[in-house]
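Visitor: I have a structure open and would like to go through it with someone. Can we take it piece by piece?

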Amino acid sequence: MLRSSQPLMGPNRKRCREDEVLLGTVLDEGERGFIIDTRSAQAAKQARMTGGGTEPKSSYPQWRRLHRPLERGRPLQESFIKLVEACNDPLINMDRWLSRLESCRWLSHVKAALSTACLAAQCMDREEASVLVHGAEGTDTTLLVTALAQVILDPSCRTLAGFQGLLEREWIEAGHPFHLRCARSAYSHARLKQEAPLFLLFLDCVWQLSRQFPFSLEFGERLLLTLFDNAYASAYGTFLCNNVKERRVGREVGTALCLCKVKESTHSLWAWLNQPGEKKKYLNPLYSHNALVIWPSVEPQSIQLWQGLFFRWIRSSQYLDEAWAEIQRLVEGN
């Protein structure tokens with residue numbers, strides 16, 4: 001599995017021989033690969049006017065391009081905001097609730113992300129083909145798809161340590177702009193142009209997997225909630241800045257260079273989570289190693305609202321927490 005940003009063809013349909021050779025070396029003679037573009041065909045075509053585009057078939061004859069559009073900007077942020085507003089409305093009735101849940105389209109975004117990740121996983125597992133995933137910059141929906149596909153395919157990514165490594169590799173080091181995307185919460189009245197809950201969408205999709213395969217993930221919901229909290233407000237430096245360069249050197253603020261040096265100046269979230277006393281809180285007591293690929297259902301009735309997150313401020317989780325603690329006690333007793 002490969003990931004990248006879009007090819008920079010532009011309106012003049014430029015070619016990049018190095019890219020063509022690179023992708024050509026991935027495949028042996030007679031093999032084929034799939035390019036999954038997370039934009040619509042129309043959006044990819046329009047991107048040529050600003051220097052972007054997509055791979056022409058004539059230059060990549062062994063690769064088949066598939067368009068699976070995923071939202072990554074303002075529509076996704078508005079969907080998140082509408083859902084949070086609906087979940088926190090104390091006067092809402094059943095008909096109104098169902099109408100608002102449908103109109104916010106959050107569950108549709110979850111379904112689309114899981115469907116695209118399943119497509120990438122099927123190309124690799126069932127077709128035994130190489131897959132290249134990209135969108136525009138390659139740091140948003142691209143990472144969403146590649147990370148989810150690895151959780152589906154690779155049992156090591158479903159362990160606590162493996163999942164942390166996946167996040168470090170596919171989100172943090174790959175350059176997802178956390179500072180821009182998670183600048184404010186859904187409760188903020190500000191509407192910043194570059195905000196979008198892509199990372200939250202990923203966590204929601206992982207929660208869907210954990211619900212459909214309750215024994216296959218070593219970690220539980222509490223870890224996903226902790227990651228969500230720390231992506232938006234954290235005492236740790238793990239999700240600070242927009243890319244590796246900013247974390248190491250800094251970023252320009254006006255005419256000055258703001259030195260970050262995250263590694264030297266902050267503590268790692270992973271170091272805290274992996275302390276023996278803390279780590280125990282995030283483990284799934286029902287976990288049993290599953291070496292198989294886990295294929296989630298993406299039927300509408302299979303996708304559920306993540307109540308542990310979206311209702312966490314209006315409904316106590318005391319009894320659920322007590323139930324999990326009892327399960328953990330019984331498992332350890334055996």
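This is a predicted model: local features need pLDDT of at least 70, side-chain atom pairs count only at pLDDT 80 or more; totals for chains, interfaces and linings use all residues.

Visitor: Fine. How many salt bridges does a search of the whole structure find?

Guide: The search finds 11 salt bridges.

Visitor: Start with Arg32. Which residue does Arg32 form a salt bridge with?

Guide: Its partner is Glu127, and the closest N and O atoms are 2.9 Å apart. Arg32 sits in the loop between α1 and β2, while Glu127 sits in the loop between α5 and β4. The pair links distant parts of the chain, 95 residues apart.

Visitor: Is Arg32 buried or partly exposed?

Guide: Arg32 counts as partly exposed because its relative accessibility is 42%, which falls between the 20% and 50% cut-offs. Glu127 is partly exposed as well, with a relative accessible area of 44%.

Visitor: What about Arg100 and Asp89, what do their side chains form?

Guide: They meet in a salt bridge, at 2.9 Å from N to O. Arg100 is in helix α4 and Asp89 is in the loop between α3 and α4, so the bridge ties together parts that are 11 residues apart in sequence.

Visitor: And Arg100, buried or exposed?

Guide: Arg100 is buried, at 18% relative accessible area. Asp89 counts as partly exposed at 25% relative accessibility.

Visitor: Next, Asp140 and Arg181. How far apart are N and O in that salt bridge?

Guide: The distance is 2.8 Å. This pair also links distant parts of the chain: Asp140 is in the loop between β4 and α6, Arg181 is in helix α8, and 41 residues separate them. Both residues are buried.

Visitor: Which residues are linked with them in a network of salt bridges?

Guide: The network is made up of Arg72, Glu137, Asp140 and Arg181.

Visitor: Switching to rings. How many aromatic pairs are there in the whole structure?

Guide: The search gives 17 aromatic pairs. One of them is Phe163 with Phe202, which is stacked because the planes are at 10 degrees, with the centres 6.0 Å apart.

Visitor: Where do Phe163 and Phe202 lie?

Guide: Phe163 is in helix α7 and Phe202 is in helix α9, 39 residues apart, so this pair too links distant parts of the chain. Phe163 counts as buried at 0% relative accessibility, and Phe202 also counts as buried at 0%.

Visitor: And why is the pair of Phe239 and Trp270 edge-to-face?

Guide: Because the ring planes are at 80 degrees; the centres are 6.2 Å apart. Phe239 lies in the loop between α10 and α11 and Trp270 lies in helix α13, so the pair ties together parts that are 31 residues apart in sequence. Phe239 and Trp270 are buried.

Visitor: Which residues do ring pairs link into a cluster?

Guide: The cluster contains Phe163, Trp171, Phe178, Phe199, Phe202, Phe219, Phe239 and Trp270.

Visitor: Now helices. How many residues does α3 have?

Guide: Helix α3 covers residues 74-87 and has 14 residues. From its first C-alpha to its last it reaches 20 Å, close to the expected 20 Å.

Visitor: Which residues of α3 are buried?

Guide: Among them are Leu76, Phe80, Ile81, Leu83 and Val84, along with Gln77 and Ser79. The cover over the buried residues of α3 includes α4, α5, α9, α10 and α15.

Visitor: You named α10. How many of its residues are buried?

Guide: Nine of its 12 residues are buried, so α10 is mostly covered. The buried residues of α10 include Leu223, Phe228, Asn230 and Tyr232. Helix α10 reaches 17 Å from its first C-alpha to its last, close to the 16 Å expected.

Visitor: Back to single residues. Glu20, buried or exposed?

Guide: Glu20 is buried, with a relative accessible area of 14%. Its place is in helix α1. Leaving aside neighbours within four places in sequence, Glu20 is in contact with Arg15, Ser59 and Tyr60.

Visitor: Last one: which residues make the nonpolar surface patch of about 360 Å²?

Guide: Tyr187, Trp313 and Ile314 make that patch. Tyr187 lies in the loop between α8 and α9, and Tyr187 is partly exposed at 47% relative accessible area.

Technical notes. Residues are numbered from 1 along each chain as its sequence is written. Side-chain values use heavy atoms; hydrogens and water are left out. Helices (H or I, at least four residues) and strands (E, at least two) are DSSP runs, numbered from the N terminus. The expected span of a helix is 1.5 Å times one less than its number of residues. Buried means under 20% relative accessible area, exposed over 50%, partly exposed in between (1.4 Å probe, protein chains only). Contact means heavy atoms within 4.5 Å. Patches are made of residues with over 30% relative accessible area and no salt bridge: like charges are joined within 9 Å, nonpolar side chains (Val, Leu, Ile, Met, Phe, Trp, Tyr) within 5 Å. Accessible areas come from the Shrake-Rupley method with a 1.4 Å probe; for residues, only the protein chains shown count as cover. A salt bridge is a side-chain nitrogen of Lys or Arg within 4 Å of a carboxyl oxygen of Asp or Glu. Rings of Phe, Tyr and Trp (its six-membered ring) pair if their centres lie within 6.5 Å; planes under 30 degrees apart count as stacked, over 60 as edge-to-face and the rest as tilted.
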